[in-house]
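Welcome, and please open the model in your viewer. We will go from stop to stop, with something to select at each one.

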Amino acid sequence: MRECLAFDDVLLVPGYSEKRSRVGEDIDTSTNVGGIELRIPLISSPMDTVTEADMAIALGRLGGMGVIHRFASMLERIEMGNQILDAHYDSGIKVPLVLAVGVTEEEKNIARELMEHFHSNLDMISIDIANGHHILMKEMVEYIRGLDGEIPIMAGNVATESGFRFLADLGVNAVRVGIGGGSICKTRIQTGFGVPTLTSVMDCARAKKDYPNVAILADGGIKYPKDVSISLKAGADAVVLGSLFAGTKEAPGGIIYTNDGKAWKNYRGMASAAVQEDKRGGMKPGTTAEGVSQLTEYKGSLERVITDFIGGLRAGMAMVNASNLQELRSAEMIKITSAGISESHAHGTRR
(Lines give C-alpha, C1' and ligand atoms only; values in the text may rest on other atoms or scores of the structure.)
Protein backbone atom coordinates (compact mmCIF):
# COMPACT_ATOMS: atom_id res chain seq x y z
CA MET A 1 0.00 0.00 0.00
CA ARG A 2 1.71 3.19 -1.14
CA GLU A 3 1.67 6.51 0.69
CA CYS A 4 0.00 9.47 -1.02
CA LEU A 5 0.51 13.10 -0.06
CA ALA A 6 -1.83 16.09 0.06
CA PHE A 7 -0.84 19.75 -0.08
CA ASP A 8 -0.65 20.16 3.70
CA ASP A 9 1.81 17.25 3.94
CA VAL A 10 4.64 19.12 2.21
CA LEU A 11 6.55 22.38 2.03
CA LEU A 12 9.09 23.84 -0.37
CA VAL A 13 12.61 24.64 0.88
CA PRO A 14 13.92 28.23 0.63
CA GLY A 15 17.29 28.83 -1.01
CA TYR A 16 19.75 31.55 -1.95
CA SER A 17 18.09 34.35 -3.91
CA GLU A 18 19.16 37.47 -5.76
CA LYS A 19 15.61 38.70 -6.33
CA ARG A 20 15.53 42.23 -4.94
CA SER A 21 11.77 42.57 -5.33
CA ARG A 22 8.86 40.15 -5.38
CA VAL A 23 7.05 42.37 -7.85
CA GLY A 24 9.96 42.90 -10.22
CA GLU A 25 9.70 42.22 -13.91
CA ASP A 26 12.32 39.49 -13.56
CA ILE A 27 9.68 37.20 -12.00
CA ASP A 28 7.50 35.77 -14.76
CA THR A 29 4.32 33.85 -13.77
CA SER A 30 3.16 33.18 -17.33
CA THR A 31 2.25 29.71 -18.56
CA ASN A 32 0.89 27.94 -21.63
CA VAL A 33 -2.33 25.92 -21.43
CA GLY A 34 -3.06 24.03 -24.61
CA GLY A 35 -1.63 26.79 -26.78
CA ILE A 36 -3.28 29.60 -24.81
CA GLU A 37 -0.76 31.96 -23.24
CA LEU A 38 -1.74 33.09 -19.73
CA ARG A 39 0.01 35.75 -17.67
CA ILE A 40 -0.99 34.00 -14.44
CA PRO A 41 -1.53 30.23 -13.94
CA LEU A 42 -5.08 30.49 -12.58
CA ILE A 43 -8.24 29.04 -14.15
CA SER A 44 -11.78 29.31 -12.78
CA SER A 45 -13.72 26.06 -12.51
CA PRO A 46 -16.62 25.32 -14.90
CA MET A 47 -19.25 25.43 -12.14
CA ASP A 48 -22.56 27.31 -12.25
CA THR A 49 -21.74 29.25 -9.07
CA VAL A 50 -18.21 30.07 -10.24
CA THR A 51 -17.84 30.79 -13.95
CA GLU A 52 -20.18 32.62 -16.24
CA ALA A 53 -19.37 35.57 -18.50
CA ASP A 54 -18.51 38.10 -15.77
CA MET A 55 -15.97 35.76 -14.16
CA ALA A 56 -14.39 34.72 -17.47
CA ILE A 57 -14.04 38.36 -18.55
CA ALA A 58 -12.62 39.60 -15.25
CA LEU A 59 -10.18 36.71 -14.88
CA GLY A 60 -9.14 36.95 -18.52
CA ARG A 61 -8.34 40.64 -18.13
CA LEU A 62 -6.24 39.81 -15.06
CA GLY A 63 -4.23 37.28 -17.07
CA GLY A 64 -5.97 34.01 -16.23
CA MET A 65 -8.77 32.04 -17.87
CA GLY A 66 -12.37 31.15 -17.07
CA VAL A 67 -14.23 28.08 -18.34
CA ILE A 68 -17.97 28.61 -18.93
CA HIS A 69 -19.84 25.73 -17.29
CA ARG A 70 -21.89 23.13 -19.16
CA PHE A 71 -24.99 23.41 -16.96
CA ALA A 72 -26.33 26.21 -19.13
CA SER A 73 -28.40 25.75 -22.27
CA MET A 74 -26.82 26.02 -25.70
CA LEU A 75 -28.35 29.49 -26.18
CA GLU A 76 -27.09 30.60 -22.77
CA ARG A 77 -23.60 29.39 -23.59
CA ILE A 78 -23.72 31.22 -26.91
CA GLU A 79 -24.89 34.41 -25.18
CA MET A 80 -22.10 34.20 -22.61
CA GLY A 81 -19.56 33.50 -25.33
CA ASN A 82 -20.72 36.57 -27.23
CA GLN A 83 -20.30 38.68 -24.10
CA ILE A 84 -16.72 37.45 -23.77
CA LEU A 85 -15.96 38.31 -27.39
CA ASP A 86 -17.51 41.75 -26.97
CA ALA A 87 -15.37 42.33 -23.89
CA HIS A 88 -12.26 41.43 -25.88
CA TYR A 89 -13.09 43.96 -28.56
CA ASP A 90 -13.93 46.64 -25.98
CA SER A 91 -10.88 46.24 -23.81
CA GLY A 92 -8.25 45.40 -26.37
CA ILE A 93 -7.17 42.52 -24.11
CA LYS A 94 -7.62 39.01 -25.47
CA VAL A 95 -9.98 37.27 -23.07
CA PRO A 96 -9.85 33.51 -23.75
CA LEU A 97 -13.15 31.99 -24.87
CA VAL A 98 -13.42 28.50 -23.37
CA LEU A 99 -16.75 26.66 -23.23
CA ALA A 100 -17.48 23.38 -21.45
CA VAL A 101 -19.58 20.51 -22.78
CA GLY A 102 -20.58 17.11 -21.45
CA VAL A 103 -20.57 13.74 -23.19
CA THR A 104 -24.23 12.97 -23.95
CA GLU A 105 -25.71 12.91 -27.43
CA GLU A 106 -27.37 16.25 -26.68
CA GLU A 107 -24.01 17.71 -25.66
CA LYS A 108 -22.48 16.47 -28.92
CA ASN A 109 -25.08 18.50 -30.79
CA ILE A 110 -24.41 21.51 -28.56
CA ALA A 111 -20.66 21.19 -29.12
CA ARG A 112 -21.21 21.19 -32.87
CA GLU A 113 -23.44 24.28 -32.69
CA LEU A 114 -20.98 26.13 -30.46
CA MET A 115 -18.08 25.35 -32.77
CA GLU A 116 -20.05 26.43 -35.83
CA HIS A 117 -21.24 29.63 -34.18
CA PHE A 118 -17.88 30.82 -32.84
CA HIS A 119 -15.57 29.32 -35.49
CA SER A 120 -11.98 30.38 -34.89
CA ASN A 121 -12.99 32.67 -32.00
CA LEU A 122 -13.42 29.63 -29.76
CA ASP A 123 -10.02 29.24 -28.10
CA MET A 124 -10.67 25.89 -26.44
CA ILE A 125 -13.48 23.46 -25.74
CA SER A 126 -13.55 21.74 -22.36
CA ILE A 127 -15.03 18.25 -21.99
CA ASP A 128 -16.18 18.07 -18.40
CA ILE A 129 -17.16 14.81 -16.67
CA ALA A 130 -16.51 13.39 -13.20
CA ASN A 131 -14.21 10.57 -14.39
CA GLY A 132 -12.41 11.44 -17.59
CA HIS A 133 -10.75 8.02 -17.82
CA HIS A 134 -13.88 6.68 -19.52
CA ILE A 135 -15.15 5.44 -22.86
CA LEU A 136 -17.66 8.30 -23.08
CA MET A 137 -14.76 10.74 -22.91
CA LYS A 138 -12.99 8.84 -25.68
CA GLU A 139 -16.08 8.99 -27.87
CA MET A 140 -16.57 12.71 -27.22
CA VAL A 141 -12.95 13.60 -28.00
CA GLU A 142 -13.16 11.61 -31.23
CA TYR A 143 -16.43 13.33 -32.12
CA ILE A 144 -14.96 16.82 -31.63
CA ARG A 145 -11.79 15.88 -33.49
CA GLY A 146 -14.02 14.72 -36.35
CA LEU A 147 -15.58 18.19 -36.46
CA ASP A 148 -12.31 20.09 -36.08
CA GLY A 149 -8.93 18.44 -35.87
CA GLU A 150 -7.18 21.58 -34.66
CA ILE A 151 -9.27 23.09 -31.88
CA PRO A 152 -7.57 22.75 -28.48
CA ILE A 153 -9.38 20.42 -26.07
CA MET A 154 -9.31 20.49 -22.27
CA ALA A 155 -10.50 17.24 -20.70
CA GLY A 156 -10.92 15.68 -17.29
CA ASN A 157 -10.94 14.91 -14.57
CA VAL A 158 -8.43 12.11 -13.95
CA ALA A 159 -6.46 11.09 -10.87
CA THR A 160 -3.74 8.81 -12.21
CA GLU A 161 -0.84 8.64 -14.62
CA SER A 162 -2.73 6.08 -16.70
CA GLY A 163 -5.69 8.45 -16.89
CA PHE A 164 -3.42 11.26 -18.06
CA ARG A 165 -1.84 9.01 -20.70
CA PHE A 166 -5.30 7.89 -21.83
CA LEU A 167 -6.34 11.48 -22.54
CA ALA A 168 -2.98 12.53 -23.97
CA ASP A 169 -3.07 9.60 -26.38
CA LEU A 170 -6.50 10.77 -27.53
CA GLY A 171 -4.88 14.05 -28.51
CA VAL A 172 -6.24 16.45 -25.88
CA ASN A 173 -4.21 19.56 -25.10
CA ALA A 174 -4.85 20.05 -21.38
CA VAL A 175 -5.85 17.61 -18.64
CA ARG A 176 -7.66 18.50 -15.43
CA VAL A 177 -6.06 16.41 -12.69
CA GLY A 178 -7.79 15.70 -9.40
CA ILE A 179 -10.82 13.69 -8.28
CA GLY A 180 -12.63 14.25 -5.01
CA GLY A 181 -10.47 17.07 -3.65
CA GLY A 182 -12.88 19.99 -4.03
CA SER A 183 -14.14 21.69 -0.88
CA ILE A 184 -17.75 20.70 -1.61
CA CYS A 185 -17.07 17.33 -3.25
CA LYS A 186 -18.15 14.09 -1.52
CA THR A 187 -16.91 11.64 -4.14
CA ARG A 188 -14.25 10.10 -1.88
CA ILE A 189 -16.62 9.80 1.07
CA GLN A 190 -19.48 8.40 -0.97
CA THR A 191 -17.51 6.01 -3.19
CA GLY A 192 -14.25 5.32 -1.38
CA PHE A 193 -12.32 6.28 -4.52
CA GLY A 194 -9.91 9.14 -5.10
CA VAL A 195 -6.30 10.24 -4.77
CA PRO A 196 -4.97 13.36 -3.00
CA THR A 197 -4.60 15.99 -5.70
CA LEU A 198 -0.90 16.60 -5.06
CA THR A 199 -0.11 12.94 -5.58
CA SER A 200 -2.26 12.87 -8.71
CA VAL A 201 -0.31 15.81 -10.14
CA MET A 202 3.04 14.21 -9.33
CA ASP A 203 1.93 10.93 -10.90
CA CYS A 204 0.77 12.67 -14.09
CA ALA A 205 3.93 14.77 -14.22
CA ARG A 206 5.95 11.56 -14.62
CA ALA A 207 4.24 11.04 -17.96
CA LYS A 208 4.72 14.64 -19.07
CA LYS A 209 8.11 13.90 -20.61
CA ASP A 210 6.28 11.79 -23.20
CA TYR A 211 3.66 14.50 -23.82
CA PRO A 212 5.50 17.80 -23.33
CA ASN A 213 2.75 19.88 -24.96
CA VAL A 214 -0.12 18.50 -22.86
CA ALA A 215 -0.82 20.81 -19.93
CA ILE A 216 -1.48 19.51 -16.41
CA LEU A 217 -4.14 21.46 -14.50
CA ALA A 218 -4.24 20.82 -10.75
CA ASP A 219 -7.93 20.79 -9.84
CA GLY A 220 -9.21 20.42 -6.27
CA GLY A 221 -7.88 20.73 -2.74
CA ILE A 222 -6.24 24.13 -3.15
CA LYS A 223 -6.99 26.22 -0.05
CA TYR A 224 -4.06 28.62 0.31
CA PRO A 225 -1.66 30.49 -1.99
CA LYS A 226 1.10 28.04 -1.00
CA ASP A 227 -0.89 25.25 -2.66
CA VAL A 228 -0.48 27.01 -6.01
CA SER A 229 3.32 27.09 -5.61
CA ILE A 230 3.33 23.43 -4.55
CA SER A 231 1.12 22.41 -7.50
CA LEU A 232 3.41 24.15 -9.98
CA LYS A 233 6.50 22.64 -8.37
CA ALA A 234 4.88 19.21 -8.61
CA GLY A 235 4.42 19.58 -12.36
CA ALA A 236 1.18 21.45 -12.94
CA ASP A 237 1.09 24.13 -15.62
CA ALA A 238 -1.84 25.92 -13.96
CA VAL A 239 -4.39 25.39 -11.20
CA VAL A 240 -8.19 25.32 -11.31
CA LEU A 241 -9.99 27.16 -8.50
CA GLY A 242 -13.63 26.88 -7.48
CA SER A 243 -14.46 27.80 -3.90
CA LEU A 244 -11.79 30.50 -3.76
CA PHE A 245 -13.50 32.33 -6.62
CA ALA A 246 -17.12 31.48 -5.74
CA GLY A 247 -17.33 34.16 -3.07
CA THR A 248 -16.23 37.01 -5.32
CA LYS A 249 -18.34 39.76 -6.82
CA GLU A 250 -17.76 38.37 -10.32
CA ALA A 251 -19.09 34.90 -9.52
CA PRO A 252 -22.72 34.20 -10.55
CA GLY A 253 -25.48 34.99 -8.09
CA GLY A 254 -26.25 37.80 -5.72
CA ILE A 255 -24.91 38.54 -2.26
CA ILE A 256 -26.84 37.02 0.64
CA TYR A 257 -26.90 38.86 3.97
CA THR A 258 -27.60 36.90 7.15
CA ASN A 259 -29.08 38.26 10.37
CA ASP A 260 -25.64 38.73 11.89
CA GLY A 261 -24.76 41.16 9.12
CA LYS A 262 -22.33 38.83 7.32
CA ALA A 263 -22.28 38.62 3.51
CA TRP A 264 -22.29 35.31 1.62
CA LYS A 265 -22.73 33.81 -1.83
CA ASN A 266 -24.07 30.42 -2.87
CA TYR A 267 -21.58 27.71 -3.82
CA ARG A 268 -22.58 24.21 -4.87
CA GLY A 269 -20.93 21.14 -6.23
CA MET A 270 -21.96 20.10 -9.72
CA ALA A 271 -22.74 16.59 -8.44
CA SER A 272 -24.88 17.94 -5.59
CA ALA A 273 -28.57 17.15 -5.17
CA ALA A 274 -29.32 20.87 -5.62
CA VAL A 275 -27.82 20.93 -9.12
CA GLN A 276 -29.55 17.70 -10.10
CA GLU A 277 -32.90 19.09 -8.93
CA ASP A 278 -32.31 22.43 -10.64
CA LYS A 279 -30.78 21.29 -13.91
CA ARG A 280 -31.65 17.63 -14.40
CA GLY A 281 -35.13 17.18 -12.92
CA GLY A 282 -33.89 15.40 -9.81
CA MET A 283 -31.56 12.60 -8.82
CA LYS A 284 -31.72 9.52 -11.03
CA PRO A 285 -32.92 6.34 -9.29
CA GLY A 286 -30.03 4.38 -7.81
CA THR A 287 -27.63 7.36 -7.72
CA THR A 288 -26.21 9.36 -4.86
CA ALA A 289 -25.20 12.99 -4.57
CA GLU A 290 -21.42 13.43 -4.61
CA GLY A 291 -21.41 17.13 -3.77
CA VAL A 292 -22.99 19.58 -1.37
CA SER A 293 -24.43 23.09 -1.46
CA GLN A 294 -23.39 25.75 0.98
CA LEU A 295 -22.85 29.45 1.56
CA THR A 296 -19.33 30.78 1.11
CA GLU A 297 -18.12 34.01 2.63
CA TYR A 298 -18.27 37.00 0.32
CA LYS A 299 -14.72 38.04 -0.60
CA GLY A 300 -15.30 41.21 -2.61
CA SER A 301 -13.61 41.70 -5.96
CA LEU A 302 -11.87 38.92 -7.85
CA GLU A 303 -8.80 41.13 -8.12
CA ARG A 304 -8.31 40.99 -4.34
CA VAL A 305 -8.17 37.18 -4.42
CA ILE A 306 -5.85 37.19 -7.44
CA THR A 307 -3.52 39.69 -5.75
CA ASP A 308 -3.32 37.46 -2.67
CA PHE A 309 -2.63 34.25 -4.58
CA ILE A 310 -0.26 35.62 -7.20
CA GLY A 311 1.48 37.64 -4.49
CA GLY A 312 2.09 34.39 -2.62
CA LEU A 313 3.36 32.71 -5.78
CA ARG A 314 5.75 35.55 -6.61
CA ALA A 315 7.04 35.62 -3.03
CA GLY A 316 7.63 31.88 -3.21
CA MET A 317 9.47 32.18 -6.50
CA ALA A 318 11.70 34.86 -4.99
CA MET A 319 12.49 32.45 -2.12
CA VAL A 320 14.35 30.19 -4.56
CA ASN A 321 15.56 32.80 -7.06
CA ALA A 322 13.11 31.50 -9.68
CA SER A 323 12.57 33.79 -12.66
CA ASN A 324 9.83 31.61 -14.17
CA LEU A 325 7.68 28.58 -13.38
CA GLN A 326 10.18 26.16 -14.89
CA GLU A 327 12.86 27.36 -12.46
CA LEU A 328 10.37 27.08 -9.58
CA ARG A 329 10.09 23.36 -10.33
CA SER A 330 13.72 22.89 -9.30
CA ALA A 331 12.83 23.75 -5.68
CA GLU A 332 13.17 20.99 -3.10
CA MET A 333 9.95 19.57 -1.67
CA ILE A 334 9.94 18.03 1.80
CA LYS A 335 7.41 16.01 3.74
CA ILE A 336 6.37 17.48 7.11
CA THR A 337 4.56 16.20 10.19
CA SER A 338 1.28 17.35 11.72
CA ALA A 339 3.37 19.55 14.04
CA GLY A 340 4.93 21.13 10.97
CA ILE A 341 1.49 21.84 9.54
CA SER A 342 0.43 23.52 12.80
CA GLU A 343 3.62 25.55 12.90
CA SER A 344 3.05 26.73 9.34
CA HIS A 345 -0.13 28.59 10.26
CA ALA A 346 -0.32 31.82 12.20
CA HIS A 347 -0.37 30.52 15.76
CA GLY A 348 0.49 33.53 17.91
CA THR A 349 -1.17 33.97 21.29
CA ARG A 350 -4.33 36.05 21.18
CA ARG A 351 -4.63 38.84 23.74
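Let us begin with a pocket. The residues lining the second largest pocket of this predicted model divide into 17 nonpolar, 5 polar and 3 charged. In total, 25 residues form this lining. To find the centre, select Leu 11, Leu 12, Lys 226, Ser 229 and Ile 230, which lie nearest to it. Now colour the elements that give two or more residues to the lining: strand E1 (10-12), helix H8 (225-234), helix H11 (302-319) and helix H13 (338-344). If you display the volume of this second largest pocket, expect about 570 Å³.

Next comes a helix pair. Select H3 (105-118) together with helix H4 (residues 135-147). Their axes are 11 Å apart, and the two helices pack at an angle of about 30°. Are they parallel or perpendicular? Because angles under 35 degrees count as roughly parallel, H3 and H4 are roughly parallel to each other. H3 passes H4 in a right-handed crossing. Show side chains for the residues that make the contact: Glu 107, Lys 108, Ala 111, Arg 112 and Met 115 on H3, and Glu 139, Met 140, Tyr 143, Ile 144 and Leu 147 on H4. Sorted by class, this contact has 6 nonpolar and 4 charged residues, with no polar ones.

From H3, step along to His 119, in the loop between helix H3 and strand E7 (124-128). What is there to see in its backbone? His 119 has a positive phi of about 50°, although it is not a glycine. Most residues other than glycine have a negative phi.

Another backbone stop is the peptide bond from Gly 156 to Asn 157. Is this bond cis or trans? It is cis, with omega near 15°, whereas most peptide bonds are trans. Asn 157 belongs to strand E8 (residues 153-158).

For the last stop, select helix H5 (residues 161-170) and helix H7 (residues 197-207). Their axes come within 8 Å and cross at roughly 50°, and the two helices are therefore oblique to each other. Here too you can check the handedness: H5 passes H7 in a right-handed crossing. Then show Glu 161, Phe 164 and Arg 165 in H5, which meet Asp 203, Cys 204, Arg 206 and Ala 207 in H7. The contact of H5 with H7 has 3 nonpolar and 4 charged residues, and no polar ones.

Terms used. Residues numbered from 1 in each chain as written. Predicted model: local features only at pLDDT ≥ 70, side-chain atom pairs only at ≥ 80, totals over all residues. Heavy atoms only, no water. Axes fitted to C-alpha atoms, helices over the stretch in contact; angles between N-to-C directions. Helix = DSSP H or I, 4+ residues; strand = E, 2+ residues; numbered from the N terminus. Parallel < 35°, antiparallel > 145°, perpendicular 65-115°, else oblique. Left-handed = near helix turned anticlockwise from the far one by under 90°. Contact = heavy atoms within 4.5 Å. Nonpolar A, V, L, I, M, F, W, Y, C, P; charged D, E, K, R; others polar. 1 Å grid on protein atoms, 1.4 Å probe; cavity = no way out; pocket = protein on both sides within 12 Å on 5 of 7 lines; lining within 4 Å. Points joined across faces, edges and corners; volume = space filled by probe spheres on them.
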